[in-house]
Amino acid sequence: MTVRGRIRRITGSITFSAYWMIAPAVLLVAAFTLYPYIYALWSSIRVVSPLLPPAFAGLKNYKAVITSIYFLRAVRNTLIFTAAAVPITVVLGLLTASLLNRRFFGDVALKALVLLPWAIPIAISGVIWRGFFNSGWGALNALLYMAGIIPKYIGWLTTPSLAKLVVITVQVWTQFPFATVLILAAMQAINEELYEAAAIDGAGLLQRFLYVTLPGIRAMLAIVVIFETLMGLTAFDLTYALTGGGPGTATTFISYFTWAESFKMLNFGNGAALAVILAAVSLLMILAILQFIPRGALVGGEER
Amino acid sequence: MMRGWGIKLVTYLGAIILAIFILAPLAWVFLSSVLPEASILSFPPDWFQHGLMDANYRYIFTGEVPRGAVATGTLRRMISQEVRFVPRAILNSLIVASAVMLVNCLVGSLAAYPFARLRFAAKTPIFFFITMSRLIPAVALAIPYYLIVQRLGLIDTHWALIAIYSVLTLPFTILILTLYFRGIPEEIEEAARLDGCGPFQTLVRIVVPLALPSLIGTGLFAFMLSYSEFLFGLLITQSIKTRTLPVILSTVSWNPDVTWGLTSASIAIGIIPTLLLVVPVWRYMVRGLVAGGVQ
C-alpha cells in the first residue's frame with residue numbers, strides 16, 4: 001500500500017470517529033433547537049390556542065402583539081431596566097475586581113463572599129429580596145425605622161417607581177459576582193512587569209489603570225457587557241419571584257409578558273409571535289455588540 | 001505616606017460596604033428563620049422579644065406544627081402543607097442536576113474532543129451552531145418545548161427536565177471542554193496515537209484523565225445551572241413528584257398560608273447545596289476558562 005493510500009485510510013477513519021463522537025451532542029441540540037424554532041415560526045402565523053379552533057392568522061399575531069399597549073410598556077420597561085442594570089453591574093464588577101486584586105486583611109473571605117449571590121438560584125434570590133423589601137415586616141423598613149431615618153414604613157414593592165429601582169438593585173446583586181470573577185481573572189493575567197514599567201515612567205494610580213489595566217481587560221469587559229445585556233433583556237426568574245411583574249405593569253418585562261401571554265392568556269399564537277420578535281432582537285443585539293469586540297478576543301474563536 | 005493611608009481606608013470602606021450589600025438579605029433570611037412570627041411582625045420592630053426557635057426547621061422535616069412563643073389561635077391557619085415539600089423538591093433538583101451533569105461529562109467530552117483536535121468537514125459551522133444555539137432567550141422556546149414534551153407524554157417527569165437542561169447546558173460545556181482539550185500538549189497524545197489508539201481511545205485513556213479536574217468543574221457548573229433553572233421547571237412539572245426547588249420555593253413564597261419564617265427556613269435549607277458547590281466550580285472551571293480562553 002502506498003503511503004498516500006495509508007494516510008487516506010487513517011484520515012477516513014478519523015473523520016468517521018469525529019462524526020460519531022459529535023453525533024449525540026449534535027442530534028440532541030438540533031432536535032431541541034431546529035424543531036422548536038420552526039415550530040415557533042409556524043405557530044406565530046397561526047391561531048394556536050386551546051380555546052379557539054386552529055386557523056391561519058398571517059401576520060395578525062404580530063400586529064396584535066406590536067400594537068398592544070402592554071407590549072410597548074414591556075419593551076420600555078425592559079430597555080430601561082437593561083440600560084440601568086448593565087452599566088451598574090459592570091462598574092460594580094470592575095470596582096469589586098480592583099478591590100479583590102489588592103492584598104488586604106480579609107481579602108480571601110471577601111472573595112468567597114462575593115461568590116454567594118452567584119451561587120443562589122435567581123428565582124430564590126427574588127424571594128429572598130422580597131422578604132427583605134417587604135413593606136409590612138421587611139428588614140429594610142424595620143432597620144431604617146429603628147435608626148430613625150424613616151417615620152413610617154415605605155412600600156418598596158408596592159410603589160411603581162420604587163419597585164423598578166428594587167428590581168434593578170436585585171438584578172445587580174445577582175449579576176455582579178460573575179462579572180467580578182471574570183474581570184478579576186483577566187486582571188490577574190496582566191503581566192506584572194507592565195505595571196512596574198508604568199510606575200518607572202511615573203504613571204500614577206489612575207494612569208496605570210487607564211493604560212495598563214483597561215487595555216488588558218478590554219476583551220473580557222466586552223464579553224461581560226454582552227452577557228449582562230442578554231441577561232437583562234431576557235430576565236424572567238427575577239421579576240416572577242420578586243414582583244410578579246407588578247405593581248400593575250411597572251416591572252413587566254418582555255420575557256414575563258411573553259410567558260403571561262402564552263400560559264396565562266393561553267394565546268400560543270401571540271406568545272410565539274412575541275418569542276420570534278424577542279429572538280430576532282436578541283440576535284441583532286448580539287451581532288451589534290460583536291462589532292465592538294476586538295477580533296479573536298472571544299472565547300468561541302475556532303481558529304487559533 | 002498620606003496617600004497610602006487613604007488608599008487603605010478606601011479599600012476597607014469598600015470591602016465593608018460590599019459585604020453589607022451581599023449579606024444583608026441573606027442575614028435576614030437566616031435570622032427570620034429562627035424568629036417567632038410575632039417577633040417578625042412586631043411594630044415598632046423588636047426582633048428578639050421572644051428569643052430564637054428552631055420550630056420552622058422542625059416543621060419542615062417532621063411536620064410538627066410550630067408553637068414557639070406565639071399565641072396559637074390564629075397560627076394553624078398560617079400553616080400550609082406545601083412547605084413540607086421542600087426536602088422532596090431538593091431531592092428532585094439533586095436527581096435532575098446529577099443526571100444532567102453526567103450527560104454533560106459524557107456527551108460533552110465526546111463531542112469536544114473532535115472539535116479540539118480532529119479535522120472534518122463542516123467543523124466550524126457545526127461548532128457555531130451548537131454554541132450559538134443558546135443565545136436565543138429561553139422564553140422564546142417555552143411553548144415549543146412544552147408541546148414537544150406533552151406530545152412525548154413526558155410532562156411531569158424527571159426525564160423531560162434532564163433532556164431540556166442537558167440541551168441548555170451542553171453548548172457551554174462543549175465550548176469550555178474544547179478549549180481545555182486544545183490546551184493539552186499535543187505531544188502527549190502523539191505517543192498514544194503511535195501506539196495505534198484511535199481518537200476515542202486517546203480521549204478515554206489520555207485526555208480525560210488529564211483534564212479530569214476541569215471536566216468535573218465544568219460538570220458541576222452544569223449541575224448548578226440545572227439546580228437553579230426556573231422557567232422550564234415551572235412549565236414541565238406539575239406535582240411534587242418532579243417539582244424542583246426553585247419552583248417549590250417560588251410557589252411557597254406566594255402562598256398566603258405560609259409564614260415568612262417558614263419560607264426563609266426553606267430557603268436556608270435549599271441553598272446549601274449550591275453554596276457548597278460554588279468554590280469548587282470557581283476553582284476548576286471559571287479559572288480554567290479564563291486562563292485557557294482569553295489572553
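Reader: Why is Leu41(A) counted as partly exposed?

Author: In this predicted model, Leu41(A) has 15 C-beta neighbours inside 10 Å. A residue needs 20 or more to be buried and 12 or fewer to be exposed. The value of 15 falls in between, so Leu41(A) counts as partly exposed.

Reader: What makes chain A more spread out than a compact globule?

Author: Chain A has 13 helices and two strands. For its 304 residues the globule rule gives 19 Å, but the radius of gyration is 25 Å; that is well over the rule, so chain A is more spread out than a compact globule. Along the principal axes, the C-alpha atoms fill a box of roughly 90 × 70 × 30 Å.

Reader: What share of the residues in chain A is buried?

Author: Buried residues are 42% of the 304.

Reader: Which residues touch the most other members of the largest nonpolar core?

Author: Leu182(A), Ile183(A) and Ala275(A) do, in a core of 164 residues. Helix 7 of chain B, residues 158-183, gives the most to this core, with 17 residues.

Reader: What is Ala275(A) in contact with, leaving aside its neighbours within four places in sequence?

Author: A contact requires C-beta atoms within 7 Å. On that basis Ala275(A) is in contact with Ala40(A) and Thr258(A), and with Val139(B), Ala140(B) and Ile143(B).

Note on methods
Residues numbered from 1 in each chain as written. Chains lettered and ligands numbered in written order. Predicted model: local features only at pLDDT ≥ 70, side-chain atom pairs only at ≥ 80, totals over all residues. Helix = DSSP H or I, 4+ residues; strand = E, 2+ residues; numbered from the N terminus. Rg over C-alpha atoms; globule rule 2.2 N^0.38 Å. Core = buried A, V, L, I, M, F, W, Y, C linked by C-beta atoms within 7 Å. Contact = placed C-beta atoms within 7 Å.
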